[in-house]
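Subject: Model for your files

Hello,

Here is the structure I said I would pass on. My notes on it follow below.

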Amino acid sequence: MMTESENERLTRVGPGTPMGELLRRYWHPIATTVDLDKDPVRRVRLMGENLTLFRSDIGELGLIGERCPHRGVDLEFGIPDAKGLRCPYHGWLFDTKGRCLEMPFDDRIRENKSNRERMNIEGYPVEELGGLIFAYLGPQPAPLLPRWDLLVRDGFDRGVEIHVLPCNWLQCMDNSADPMHFEYTHAALGNYTLKKQGKPPAMKISRHIKIAFDRFKYGLMKRRLLEGENEDVDDWTVGHPLLFPNILAQGSQDAPTLQIRTPIDDTNTLHIRYRTQRRAEGAAPKPMKVVHEKVFDENGKIVADKVPLQDMLVWIAQGPISNRAREHLAASDTGITLYRRMLNEALDAVARNEDPIGIIRDRGENEPWIDLHREKETLKPFESKYKGLLSENDQMAVPGE
Ligand code: FES
Ligand SMILES: [Fe+2]
């Protein structure tokens, strides 16, 4: 059982908190290229910090402080410039590192420009990969941005679904180490939701016979054996890597997906569902589609008739920050226990000023991409058992997160 302070240690993400410091050792996606192309200046909130993301007129990305140091205008309203971002009030100009380059009226009438440096604001590294824009808020030198296979490889079409969830990031991640929930969150709740809509049940799911978890270089792998499967053939397989600290990888070689849970702050999470599909031979590439979806309908309800919404419902239903001091972990929670142990080990590593698990500094390891070894997964259970419940779109993804 966890104490309240242990729960705080694992969940709070602000600057100076243990988990905030651990999470700042990793890159986090904060926007998509498609969205930034539509509007090159955007407000971002990441791990409790309000920031301004922009693309300059010559295409450089910047992530700088929220407000102009002159008289506090929100730089979300700034004007992109070849050299950076200009405040719309009196034209102070900041480069992609947050350095104040111009104070137009002062520059005109004052000889001494030495006070400019005092006007610098924060600036963080930003990189673009696979249509996502990643930020790094931690100490230098920054590690490499992981080149997960599906972000990089040619021959795939890509799409992103984004939800803002009113709950702590760790609730989404606990769920990723909890295969058994599929029987109830997806089958039972899914069928109940359909029943309320006057529709027949869509899924009959086999029971989990056993589950197991393995540590690997970037996090942990799950196994499950379902009723009717044969452990000696290939059903007791390794798959669905949980990538430290906040990513679930799913899917097949032809349709790999990621679910990335970027902490907005302690009680809100940016959920990015990154989906890919291998392109048919000779087919023209499709432009990346980005959809911002609402979790709640117009009545303030979550209608759990789709797999992702079923997961989101149970995460949100645990409250803004689940009170783990009141949990009673059971036999289905062995993966959660291991994941939390690994989080605590990573927190300890950061306290010793060491790199935590999954930090990549070797280009040879990162390039051309990191293969997540999905070929070890079997897709047979997905084909046979989950058909019907999933919308056409969902069929790109293998369930089981
Ligand atoms: S408030 Fe930004 S330049 Fe004056
Ligand atoms: Fe799920």
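**Confidence**

The chain has a mean pLDDT of 90, and 91% of its residues reach 70 or more; pLDDT is the predictor's confidence in each residue, from 0 to 100. Over residues 375-401 the pLDDT is below 50, and in the model this stretch has 56 contacts beyond near neighbours in sequence. Two residues are in contact if their C-beta atoms, placed from the backbone, lie within 7 Å.

This is a predicted model, in which local features need pLDDT of at least 70 and side-chain atom pairs count only at pLDDT 80 or more, while totals for chains, interfaces and linings use all residues. Residues are numbered from 1 along each chain as its sequence is written, and chains are lettered from A and ligands numbered from 1 in the order in which they are written.

Helices (H or I, at least four residues) and strands (E, at least two) are DSSP runs, numbered from the N terminus. Three strands form an open sheet in the order 1-11-10, with antiparallel pairing; strands pair if DSSP finds at least two bridges between them. Strand 1 (28-32) and strand 10 (126-129) are at the edges with a single partner strand each, so one side of each has no neighbour in the sheet. From one strand to the next the twist averages 35°. Strand 10 pairs with strand 11 (residues 132-135) over four bridges, in the antiparallel sense. Val126 has Ala135 of strand 11 as its bridge partner.

**Two packed helices**

Helix 6 (residues 169-176) packs on helix 8 (residues 307-316) at an angle of about 125°, and their axes are 9 Å apart. Axes are lines fitted to C-alpha atoms, for helices over the stretch in contact, and angles run from 0 to 180 degrees between N-to-C directions. The contact involves Gln171, Cys172 and Asn175 of helix 6 and Asp311, Val314 and Trp315 of helix 8.

**Backbone points to check by eye**

Most residues other than glycine have a negative phi, and most peptide bonds are trans. The peptide bond from Gln140 to Pro141 is cis, with omega near 0°, and Pro141 sits in the loop between strand 11 and helix 5 (149-152). Another cis peptide bond joins Glu367 and Pro368, with omega about 0°; Pro368 is in the loop between helix 10 (363-366) and helix 11 (380-385). Met47, in the loop between strand 2 (41-46) and strand 3 (49-55), has a positive phi near 50°.

Regards
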